[in-house]
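Subject: Structure for your files

Hello,

Here is the structure you asked about.

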Amino acid sequence: MPGTAAEILDTDVRKQLTQNKLSTDSWVEIIKEAHLLGIPTSSTIMYGHIDGPEHWANHLVKLRNIQKDTNGFTELVPLSFVYKDSPLYLNSKGTVRKGPNTREVNKMHAVSRLLLSGWIDNIQVSWTKIGLERASELLNYGVNDLGGTLMNESISRSAGSDFGQEITSFELVKLIRSRGKIPIQRTTLYQPLFDFSQKDPKETAPLVDRTSQKTIDFINQL
């Protein structure tokens, strides 16, 4: 089950950020109940808006404490705030940030790896929010999962992301190798399916038209 809508699990921030969504306590209750019923979930944090490092730290500690109780999280997916077309930013009159900076993105993934070590083993980067090049750099900052091909991704694009919506399996393997890592296909529960260290997946064309020149240029450099 997706562990989305977590945003920031801080009561003060959440009152401003997600007035029409679940409270922190309700999110935790639902996630714990799912875990206790034997339903694993992912976990997320959406950062870089009206929050700060103390909120991020409290959020990650709360996830770690849940994991200690239930062992139900499969991964953490840090989600950089995309501001361009976000109502939160457009209606804020300058009170909402334009997302996290490069240093903050690096630290979010690296600190998550350290703080959650031994509890949540998988840190996934959301390449549709920060781009393939930055996502691949984060493979050296504690990230061990590039997510997926993500055809017809709409959430990031609707908020103003211009990194496109699809990458093929063949391209993912090339990208991972370019960073000196071993590409492995996995299941949702992080069970290995196929090791692509010595073999390529079938090369196929994207299923949707590519509109992001940034993504096209980066892929052509691989």
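This is a predicted model: local features need pLDDT of at least 70, side-chain atom pairs count only at pLDDT 80 or more; totals for chains, interfaces and linings use all residues.

Residues are numbered from 1 along each chain as its sequence is written, and side-chain values use heavy atoms, with hydrogens and water left out.

Helix H5 covers residues 102-115, 14 residues in total. Helices here are DSSP runs of H or I with at least four residues, strands are runs of E with at least two, and both are numbered from the N terminus. From first C-alpha to last, H5 reaches 20 Å, close to the 20 Å expected at 1.5 Å a residue; the expected span is 1.5 Å times one less than the number of residues. At its N-terminal end H5 is capped by Asn-101, which has a side-chain oxygen 3.2 Å from the backbone nitrogen of Arg-103.

Glu-104, Val-105, Asn-106, Met-108, His-109 and Ser-112 are the buried residues of H5. Buried means under 20% relative accessible area, exposed over 50%, and partly exposed in between, with a 1.4 Å probe and protein chains only. The cover over these residues includes strands S1 (41-47) and S2 (73-80), together with helices H3 (53-70), H6 (127-130) and H7 (132-137).

Searching the whole structure gives one cavity of 30 Å³ or more. A cavity is a set of points on a 1 Å grid over the protein atoms alone where a 1.4 Å probe fits but cannot get out, and its lining residues have an atom within 4 Å of a point. The largest cavity holds about 50 Å³ of space, a volume being the space filled by probe spheres set on the points, which are joined across faces, edges and corners. Among its lining residues are Phe-163, Gly-164, Ser-212 and Thr-215.

Thr-215 lies in helix H10 (residues 213-221) and counts as buried because its relative accessibility is 4%. Beyond neighbours within four places in sequence, Thr-215 is in contact (heavy atoms within 4.5 Å) with Leu-132, Phe-163 and Gly-164.

Lys-98 sits in the loop between helix H4 (87-90) and H5. Lys-98 has 53% relative accessibility, so it counts as exposed. Leaving aside neighbours within four places in sequence, Lys-98 is in contact with Gly-48, Tyr-83 and Tyr-89.

Regards

Technical notes: A polar contact is a pair of N or O atoms within 3.5 Å; within protein, one must be able to donate a hydrogen and the other to accept it, and residues adjacent in sequence count only if both atoms are side-chain atoms. On a 1 Å grid over the protein atoms alone, a cavity is a set of points where a 1.4 Å probe fits but cannot get out, and a pocket is an open set with protein on both sides within 12 Å along at least five of seven lines; lining residues have an atom within 4 Å of a point.
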